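Grab a pencil and work through these exercises with the model open beside you. Each task comes with a solution you can follow step by step.

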Amino acid sequence: MKNRQFIVAGVCFALALLVPVIIQDDYTLQILFRVFLFAALGLAWNLVGGYAGQLSLGHAAYFGVGAYGLALFSKIGINPWISVILGVVLSVISATLIGAVSFRLRGPYFALCTIAFAEVLRLVTKNLPNVTGGDVGTQVPLLFAQASIRSFYISSVVLTVLAFAVTAWIERSKFGYYLMAIREDQDTALSVGINTARYKLWSLLISAAITAIGGALYASLFLFIVPDQVLPMEISTEIAIVAMLGGAGTLFGPIIGSVVLEIAAEIFKNIFKEAHLLIYGALIVVVVLFLPEGIIGSMANKLRLFKKAPAAAFAVPPPVSAEDEGQRAALSE
Amino acid sequence: MPLLEVKHVSKRFGGLKAINDVCFTVTPGQITFIVGPNGAGKTTLFNLITSVYHADSGEIRLGGEDITYLTPDRAAKLGIGRTFQIVKPLRNLTVLENVMLGAFLRTSSPGKAEQEATKVLRFLQMEKFLQLPARGIGLPMLKRLEIARALATQPKLILLDEVVAGLPTSEAVKLAMLLKRLPEWGISTIGGIEHVMHVVMKIADRVIVLDHGTLIAEGVPRDVVHRAEVIEAYLGSKYKELAL
Amino acid sequence: MGMALIFGVMRIVNFTHGAFLMLGMYATYVLFQTTGLNPYIGFIPAGLILFVIGYITYMALLRPIRGQVDFMVILLTMGLALIIIDSVQLIFGADYHQINIPLLSKNIRIGSQISLNAPWLVSFAIALILAIALYFLVTHTMFGRAARAIAQNPYPAPLMGINVNRVQALSFGIGSAAAGIAGGLLLPVFYLFPEVGNQFELKSFVMVVLGGMGSIQGAAIAGLVLGVIESLTSLYWGNEWALAVDFVIFILVLSLKPNGIFGSQRA
């Protein structure tokens with residue numbers, strides 16, 4: 001990433017932090033909170049989905065674990081912020097389990113498996129009312145001294161900066177190169193000595209950790225959560241779409257994606273009221289059909305502004321494997 | 001001490017015995033080529049050596065160490081580099097980045113990896129292509145890219161799977177001459193699979209002939225090519241009398 | 001449990017790729033159509049309508065992105081599903097509907113313990129017949145062979161004179177029709193509302209993967225097995241645990257035997 005981009009990013013983030021000074025209106029701040037929250041979530045997802053090319057549709061699991069971690073640990077008397085950390089730890093442990101099983105699968109099976117895990121988590125949460133409050137929900141403590149949307153907004157910006165920094169660092173490191181190699185061709189990656197399983201797992205763990213923090217923030221804002229709010233597939237899809245719309249595998253993609261998507265969604269809700277899901281669905285269809293590389297990806301192709309449009313990997317058909325003599329199951333070898 | 005030993009290795013896929021009790025060794029400093037008609041199992045052999053597949057029986061040793069049941073990335077770390085018959089460049093990365101991937105095996109620093117990759121690409125006369133995306137560079141360069149990437153991992157033994165196939169003769173010859181210079185690069189031991197016989201004749205020290213998974217001949221190229229079994233394998237028994 | 005079988009059996013035609021999350025949505029759509037007509041006849045036109053819809057969808061939307069990563073297909077179909085659900089909701093409202101036919105309350109007793117609901121039986125029977133028909137279609141016709149060939153290896157297929165696009169479009173159409181029929185058959189026993197298909201979507205995937213992609217018998221048997229397990233789980237622990245168990249089985253099978261129990265296809 002060139003230095004110029006760093007400066008641009010820095011300026012934008014600084015401006016973002018100053019926003020609450022200008023805008024006092026709670027409604028707007030809440031929207032902006034959502035924008036930055038999903039930007040952070042999208043960046044986190046991007047590590048696994050964009051750079052490593054493992055398209056997870058079950059990230060709600062980590063989000064939910066973060067949320068419920070905060071809720072449940074503080075219920076037994078632990079300090080809220082420590083509860084957040086515990087939530088993150090729990091989320092990372094889940095990621096280890098989920099990754100161990102899912103990463104062995106290729107293609108749609110991987111995605112389906114991540115969906116399955118998230119759903120199991122959701123259903124289990126719904127059906128253990130004594131522990132989690134089940135469908136009725138559970139209370140979540142306030143993380144900040146005041147119940148002010150401002151604090152939440154600022155935290156979401158901070159989280160985004162964190163996710164951004166992590167992504168930027170990874171992008172220019174050996175880890176990042178390895179992830180991209182895995183995305184492009186796992187067999188080739190193996191042949192140059194890359195332990196694909198290990199790197200995929202690491203990208204997932206980092207992703208899960210950041211997502212969990214996001215979940216905890218979100219939960220604390222609402223002060224009360226139910227399973228279908230923090231663990232449904234809709235959240236998983238939203239996270240993935242944010243990243244893909246903006247450009248999976250790019251540094252700025254998820255941020256742009258979140259800005260566009262969240263603001264558009266809000267506008268749709270107001271204008272179209274009943275039909276907003278329809279428009280949302282239509283947006284997804286349009287993105288897939290016409291913008292598979294996301295906004296940044298398509299721009300990068302036209303303008304050569306950023307270094308590469310790696311998301312084009314998602315539009316290129318895989319070549320026929322010459323190693324197809326033997327039997328290959330859905331397992332990656 | 002031999003660098004690579006393949007001892008009584010067999011592999012079957014379902015009902016098909018792809019490799020049948022194959023034995024050979026590769027001595028350091030030698031250039032060995034595996035030839036044979038299509039379907040003889042040559043690529044399977046490479047896959048067995050690099051643990052992409054695991055042998056059903058027999059063992060494979062690298063420098064004395066048993067490498068029969070590893071994983072491909074372990075094999076690479078232990079010093080086996082390979083190219084693929086159907087080139088697999090990482091399309092969305094540049095040529096340089098592709099090769100850096102190989103270099104990263106021996107260093108964690110992107111700077112050093114870039115240096116090493118540049119060196120390798122220079123050796124293969126690809127300086128012009130460094131910053132180009134791997135997608136659009138044409139087959140001859142893609143083949144060299146495969147080799148470059150493998151070279152960057154600083155292997156003890158490099159396995160070249162049909163690197164010359166599909167190239168126009170002029171390109172093939174150029175590449176062959178580059179390959180002959182690999183020892184300058186510190187890699188004196190090369191294993192290759194080839195169909196393009198004139199290349200094999202030019203650069204191989206030793207030739208191994210596979211047919212239907214079985215090793216039917218080995219030796220100096222000049223000799224092997226005239227052996228009856230070899231001619232029969234390629235052309236059928238009618239032509240056996242062509243043997244000297 | 002009959003429901004599981006019906007849907008499982010109906011789900012399997014799409015064995016070129018399994019990423020279609022919206023067949024359940026087709027079912028919903030159809031259910032609305034057949035509100036006026038006795039569903040045991042109505043499912044036929046429903047199926048036909050859905051066949052057409054499926055075919056068109058494939059040609060217009062799915063074919064262009066054939067080359068892309070499967071994830072994109074999943075996303076696309078999810079988007080499509082959203083569009084359809086919401087449209088339906090706009091047109092018909094979000095209320096629940098239910099139909100009333102004379103057969104609804106008849107029960108058949110077997111022995112002293114088991115009471116089977118008549119509508120279930122009829123639906124089950126029809127589904128079974130159709131499934132068998134489908135099985136023959138896949139195994140004994142040129143179409144079936146072509147479709148299976150493509151599933152095994154799409155690249156050389158055109159060389160053998162197979163019009164890949166048409167076969168896949170047809171498969172998708174048949175699969176959609178199957179979903180539509182399933183919808184019609186389920187109408188007597190389910191409440192009708194725009195999102196009714198959601199509960200079937202993921203389950204249908206589980207069934208297909210369980211039974212093995214490309215194997216109709218597999219999917220059918222998987223559906224049956226799953227249905228039984230579900231019913232038992234529901235009995236003791238409640239509906240949602242049953243769903244969770246479904247997914248757990250899914251995960252277990254994927255990790256231990258990725259080809260499914262009868263699978264012959266690779267991913």
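**Exercise 1: a helix pair**

Task: at what angle do the axes of helix α3 (residues 95-103) of chain B and helix α5 (residues 139-151) of chain B cross?

Solution. The axes of α3 and α5 of chain B cross at roughly 35° and come within 6 Å. Axes here are lines fitted to C-alpha atoms, for helices over the stretch in contact, with angles from 0 to 180 degrees between N-to-C directions. Helices are DSSP runs (H or I, at least four residues), strands are E runs of at least two, both numbered from the N terminus.

Next, pick out the residues: B:Val95, B:Asn98, B:Val99, B:Leu101 and B:Gly102 of α3(B) meet B:Leu145, B:Ala148, B:Arg149 and B:Ala150 of α5(B). Contact means C-beta atoms, placed from the backbone, within 7 Å. Sorted by class, that gives six nonpolar, two polar and one charged residues.

A word on the model: it's predicted, so local features need pLDDT of at least 70 and side-chain atom pairs pLDDT 80 or more, while totals for chains, interfaces and linings use all residues. Residues count from 1 along each chain as its sequence is written, and chains are lettered from A and ligands numbered from 1 in written order.

**Exercise 2: the chain interface**

Solution. Start with the totals: 29 residues of chain A contact 32 residues of chain B. α8 (174-184) and α9 (186-191) of chain A each supply at least two residues to chain A's side.

**Exercise 3: the whole chain**

Task: count the helices and strands of chain B.

Solution. Chain B has nine helices and ten strands. Its C-alpha trace spans about 55 × 40 × 35 Å along the principal axes.

Definitions and conventions:
Contact = placed C-beta atoms within 7 Å. Nonpolar A, V, L, I, M, F, W, Y, C, P; charged D, E, K, R; others polar.
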